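The exercises below are meant to be worked with the sequence and the model side by side. Try each task before reading its solution.

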Amino acid sequence: MHKTQDNRAWFLILPVVILVAFSAVIPLMTVVNYSVQDIFGPGQRYLIGLEWFRETLRDPEVRRAFLRQIAFSGIVLAIEIPLGVLVALALPRAGWKSSLAIVILALPLLIPFNVVGTIWQLYARPEIGFFGRVINDLGISFNYTADPVSAWVTIVAMDVWHWTPLVALLAFAGLRSIPDAYYQAARIDGASRLAVFRYIELPKMRSVLTIAVLLRFMDSFMIYAEPFVVTGGGPGSATTFLSIRLVNMAVGQFDLGPAAAFSLLYFLVILLVSYVFYTILQRISAQ
């Protein structure tokens, strides 16, 4: 029998296409339009080509912010991935204890970003905050509002506290997918705990850890609300990451053209580095 093709079903996705156009495509095209113009006011725009992109790439403040961003993402990934795996290995595998542990572990993920920043802004205060007071009582000078090292410790500790549960939950999901037969075979062969982790658990967690690394890299590379609330990018410019530099340029200085070019370069860097991460991790998983 000859079947006729009916394309009317495509109309069902029309609302989604319209929503995506208004929420993503149109704003992106607006940013692209701003990035190639010099804007002096309403109706006063002059096409300047790629000048804002060249200026952004030559800006020493942008370069320093980029290095801070790379350093921050590298530090939190180096801490959160191994720590999340260790937490997942320590969680009960079944029963009410497992459910309770998962609920408690997920609580930091439910807190809005700006509230996380406010919590740690108070928690790390050297005069009244528990975290700051304990460190100072140990004889270590700690003041995140005046010392860049203290500011970095606070921002990293805050991010680790906030996002390690995500890594732990993903790793725990990978562990729960391992059949008991693997563990029974390991016990019969007399495998050590380290051997079980290396040859059974870690290979089974590679896919979820790939997702965890990509999610955490993208989130940490775009972090804004938490460090802005805690330090405002200071002391000085010690915690001025790319996102804070971009907002200062767009909102504080109202340089729409340079800010638009900066945001497009920022977007492309995230895409490029994420693609490199994904390619490398996929090759590692295939081995």
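**Exercise 1.** Is Arg-245 buried or exposed?

*Solution.* Before starting, note that this is a predicted model, in which local features need pLDDT of at least 70, side-chain atom pairs count only at pLDDT 80 or more, and totals for chains, interfaces and linings use all residues. Residues are numbered from 1 along each chain as its sequence is written, and side-chain values use heavy atoms, with hydrogens and water left out.

Begin with the location: Arg-245 sits in helix 11, where helices (H or I, at least four residues) are DSSP runs numbered from the N terminus. Next, take its relative accessible area, which is 16%. The scale calls a residue buried under 20% relative accessible area, exposed over 50% and partly exposed in between, with a 1.4 Å probe and protein chains only. Arg-245 is therefore buried. Finally, list its partners, where contact means heavy atoms within 4.5 Å: leaving aside neighbours within four places in sequence, Arg-245 is in contact with Asp-59, Glu-61, Val-62, Ala-65, Thr-240, Gln-253 and Phe-262.

**Exercise 2.** Describe how helix 3 and helix 11 pack, and which residues meet.

*Solution.* First, the geometry: helix 3 (residues 60-90) and helix 11 (residues 242-252) pack at an angle of about 145°, and their axes are 8 Å apart. The axes are lines fitted to C-alpha atoms over the stretch in contact, and angles run from 0 to 180 degrees between N-to-C directions. Second, the residues: Glu-61, Val-62, Ala-65, Phe-66 and Gln-69 of helix 3 meet Leu-242, Ser-243 and Arg-245 of helix 11.

**Exercise 3.** What is the span of helix 3, and which residue caps its N-terminal end?

*Solution.* Helix 3 has 31 residues and reaches 45 Å from its first C-alpha to its last, close to the expected 45 Å, where the expected span is 1.5 Å times one less than the number of residues. At the N-terminal end, Asp-59 is the cap, with a side-chain oxygen 3.0 Å from the backbone nitrogen of Glu-61.

**Exercise 4.** Classify the pair of Phe-113 and Trp-163, then the pair of Trp-152 and Phe-241.

*Solution.* The structure holds 15 aromatic pairs. Rings of Phe, Tyr and Trp (its six-membered ring) pair if their centres lie within 6.5 Å, and planes under 30 degrees apart count as stacked, over 60 as edge-to-face and the rest as tilted. For Phe-113 and Trp-163, the ring centres are 5.9 Å apart and the planes stand at 65°, so this pair is edge-to-face. Because Phe-113 lies in helix 5 (residues 113-123) and Trp-163 in helix 7 (residues 148-176), the pair ties together parts that are 50 residues apart in sequence. Phe-113 is partly exposed at 42% relative accessibility, whereas Trp-163 is buried at 11%.

The pair of Trp-152 and Phe-241 is also edge-to-face, with 5.7 Å centre to centre and 80° between the planes. Trp-152 belongs to helix 7 and Phe-241 to the loop between helix 10 (225-230) and helix 11, so that distant parts of the chain, 89 residues apart, are linked. Phe-241 is buried, at 0% relative accessibility.

Terms used. Helix = DSSP H or I, 4+ residues; strand = E, 2+ residues; numbered from the N terminus. Polar contact = N/O pair within 3.5 Å; in protein donor to acceptor, adjacent residues only side chain to side chain.
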